[in-house]
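Subject: The structure I promised you

Hi there,

Here is the structure we talked about, ready for you to open. Have a look at it first, and then read on for what turned up.

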Amino acid sequence: MKGGPAAGGTPGTAAIETHGLGKRYGSQAAVDKLDLRVPAGAVFGFLGPNGSGKTTTIRMLLGLANATSGTASVLGQAMPRALDAVLPRVGALVEGPAFYPYLTGRANLHRLDAACPYAPTATRRVRVEEALDRVGLGAAAGKKVKAYSLGMKQRLGLANALLRPRELMVLDEPTNGLDPQGTREVRKLIASLAHDGTTVFVSSHLLAEVEQICTHAAVMRAGRLVAQGTLEELRSAGQAKVTILTPDAGAARTVLARLGLVPGTVEPVNDGAGPAAVTAVLPAAAVPAEDIVEALVGFGVRVRGFSVDKGSLEDRFVELTGEGFDVAR
Amino acid sequence: MLAVLAAVPVLIAVAVRLTNGTRAGHGPVFLDRITGNGLFVVLTSLVLCTPLFLPLTVGVVSGDTIAGEAGQGTLRYLLAAPAGRARLLLVKFAGTAAFTLAAVAAVVLAGTAIGLLLFPVGPVPLLSGDLVDAWTAEGRILLVGAYVVLSLLGLGAIGLFISTLTDVPVGAMAATVVLAIASQVLDALPQLDWLHPWLFSHWWLGFADLLRQPVEWSSFGSNALLQVGYLAVFGALAYGRFTTKDVLS
């Protein structure tokens, strides 16, 4: 699926498009001048640390919160003005699942489906059962939600989003609280949705997950969009890295320094029994990688391994959003 | 809550039955009439429930309408469904009104049943002194029930509005009940008599006028007008607030 052609919509149309979208609470901007573009048919990863404005953006896109500036359009129509026309075509999981604890999973879905005046009543029972089966909750649908685990509630939330065929799915942390099987199933589910032409907008901070399922991604930091594009574009914008495995770590560092690179710390491999790993960032303008090996060998460094790694999405993410663990604001 | 409300007439009837014969003259109006006629159980119960029990339950239900959904997080899913904000508000108020009807019906039905069971039933003396037969009296009782339901609609609208202000249902419930009590306290202060006709609780016990021959409709009319006024004002406030609110819960 990755890098595959956009299945639904005409190429070039956007499922979500915002211009200068902003949300202020008092003097603080939760989201600032957001220009987001989610192409139709994409699986779009919406990344950012906690508190970077992801959920606020999703709330504005779904018409739950009003933007204080800028415009947003979803499925080609202005939000929140065309809310009634747009939302029936959008499945949403916003900031964790929430249900009536004293009702069964099935009864909850019936109630939520009945909340929408545009949902056909005649097919409701069938649609609810299909959605429950699709998330693997068929057996537990008769239990009260208060007896559900977090993972089961999450599945029920996904079932709610799947009650009708949707053109866009907005999933806020869809794998939160799921076991590894559940996570795999969600990945499969997203892949099958994308295959059917649904645009999927996934917010997450699990980068590995985004790398596995997404075709496009955007990165938020402190309410601002710091990068967006295809996954390939994002990765290649990061810096490559060379790693040398050698018993002569000191000499290798000297060579790297002579070549104008900044060698990183030496990391022992296999508790220091084997060769050590020396790494250095390889800027695009630096010497070609093969010249480094030549220089190393010429200097008498015993090279046991040499690799050039394009930055992972995680490196790029940390590069864009900063290293610290503290919540930005 | 309905069971508790239904228990009120039962308790009254049983208590009066057990202490049969005392006509001390204390207690609410009609209380000493019960032994003579079972239909007075309903009227006594309504007099007892209207100032506190019924407003309490209506306050709880109306205060929970929006704030309860918000507190539970289900509000965002209802709105994303999309339920439509005005539609949701309308349904919630209809629910509150339906509950008010059910609450008053619980008191009236339980009161009638227990009254028939424990006491003799016969022609009922009205406040104007006329005697009417039991069927006419039951008709009057239903009229009183309708009056009480109408009386509480204003409070329901206030509760609905307060419920749109917060995500904490208990706070909205408490605020609504406190307002109901405060309104009655203000109504009892003679220094504020200019304010009294504007208080939503002013006509709450005015249903006695329905027990005259011929029926005195003026308090019914004034009450209806007042309640419709409260409904319009607080309904509009709730609409204005809820349709522009950021749902962040």
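Let me start with a helix on a sheet in chain A. Helix α5 (residues 150-161) of chain A lies across β7 and β8 of chain A, and runs at about 165 degrees to β7(A). Helix α11 (residues 313-321) of chain A packs on the sheet as well, where it touches β4 (43-47), β10 (216-221) and β11 of chain A. The direction of α11(A) makes about 30 degrees with that of β10(A). Please keep in mind throughout that this is a predicted model.

**The six-stranded sheet**

In what order do the 6 strands of this open sheet of chain A come? The order is β7-β8-β9-β4-β10-β11, and the pairing is mixed. At the edges are β7 (90-93) and β11 (224-230) of chain A, each of which pairs on one side only. From one strand to the next, the twist averages 10 degrees.

Going through some of the pairs:

- Strand β8 (residues 168-172) of chain A runs parallel to strand β9 (residues 199-204) of chain A, and 5 bridges join them. Val170(A) has Phe201(A) in β9(A) as its bridge partner.
- β4(A) and β10(A) also pair in the parallel sense, over 4 bridges. Here Phe46(A) has Ala218(A) in β10(A) as its bridge partner.
- β10(A) and β11(A) run antiparallel and are joined by 6 bridges.

The last two strands, β10(A) and β11(A), form a hairpin with 2 residues between them. In the turn, Ala222(A) has a positive phi of about 50 degrees. As for β10(A), 5 of its 6 residues are buried, so the strand is largely enclosed by the rest of the structure.

**The four-stranded sheet**

Chain A has another open sheet, of 4 strands, in the order β13-β14-β12-β15 and with antiparallel pairing. β13 and β15 (305-309) of chain A stand at its edges with a single partner strand each, so one side of each is left without a neighbour in the sheet. On average, and with direction ignored, neighbouring strands are turned by 20 degrees against each other. Between β13(A) and β14(A), which run antiparallel, there are 4 bridges, and Pro268(A) has Ala276(A) in β14(A) as its bridge partner.

Two helices go with this sheet. α9(A) lies across β12, β13 and β14 of chain A and runs at about 165 degrees to β13(A). α10(A) packs on the sheet by touching β12, β14 and β15 of chain A, and its direction makes about 155 degrees with that of β15(A).

Which residues of helix α9 (residues 249-258) of chain A are buried? They are Ala249(A), Ala252(A), Val255(A) and Leu256(A). Seen down the axis of α9(A), these buried residues fall within an arc of 120 degrees, so they line one face of the helix. They pack against β12 (240-246), β13 (263-268), β14 (276-282) and α10 (289-298) of chain A. Just after the helix, Gly260(A) takes a positive phi of about 85 degrees.

**The nonpolar cores**

The largest nonpolar core has 148 residues, and those with the most contacts inside it are Leu62(A), Leu168(A), Phe201(A) and Leu46(B). Its largest share, 15 residues, comes from helix α6 (residues 134-165) of chain B. Apart from this core lies another, of 15 residues, with Val255(A), Ala276(A), Leu282(A) and Val301(A) among them.

Leu168(A) is worth a click. Beyond its neighbours within four places in sequence, Leu168(A) is in contact with residues including Ala15(A), Ile16(A), Val74(A), Leu75(A), Val90(A) and Phe201(A). Arg89(A), Thr198(A) and Thr199(A) are also among its contacts.

**A threonine in chain B**

Finally, is Thr65(B) buried or exposed? Thr65(B) lies in helix α3 (residues 53-72) of chain B, and counts as buried because its relative accessibility is 6%, where the cut-off for buried is under 20%. The side chain of Thr65(B) reaches the backbone oxygen of Ser62(B) at 2.7 Å, and a polar contact of 3.4 Å joins it to the side chain of Ser163(B). Not counting residues up to four places away in sequence, Thr65(B) touches Lys92(B), Thr96(B), Leu160(B) and Ser163(B).

Definitions and conventions. Residues numbered from 1 in each chain as written. Chains lettered and ligands numbered in written order. Predicted model: local features only at pLDDT ≥ 70, side-chain atom pairs only at ≥ 80, totals over all residues. Heavy atoms only, no water. Core = buried A, V, L, I, M, F, W, Y, C linked by side-chain atoms within 4.5 Å. Buried < 20%, exposed > 50% of the residue type's maximum accessible area, 1.4 Å probe, protein only. Contact = heavy atoms within 4.5 Å. Polar contact = N/O pair within 3.5 Å; in protein donor to acceptor, adjacent residues only side chain to side chain. Arc of directions from axis to C-beta. Pairing = 2+ DSSP bridges. Axes fitted to C-alpha atoms, helices over the stretch in contact; angles between N-to-C directions.
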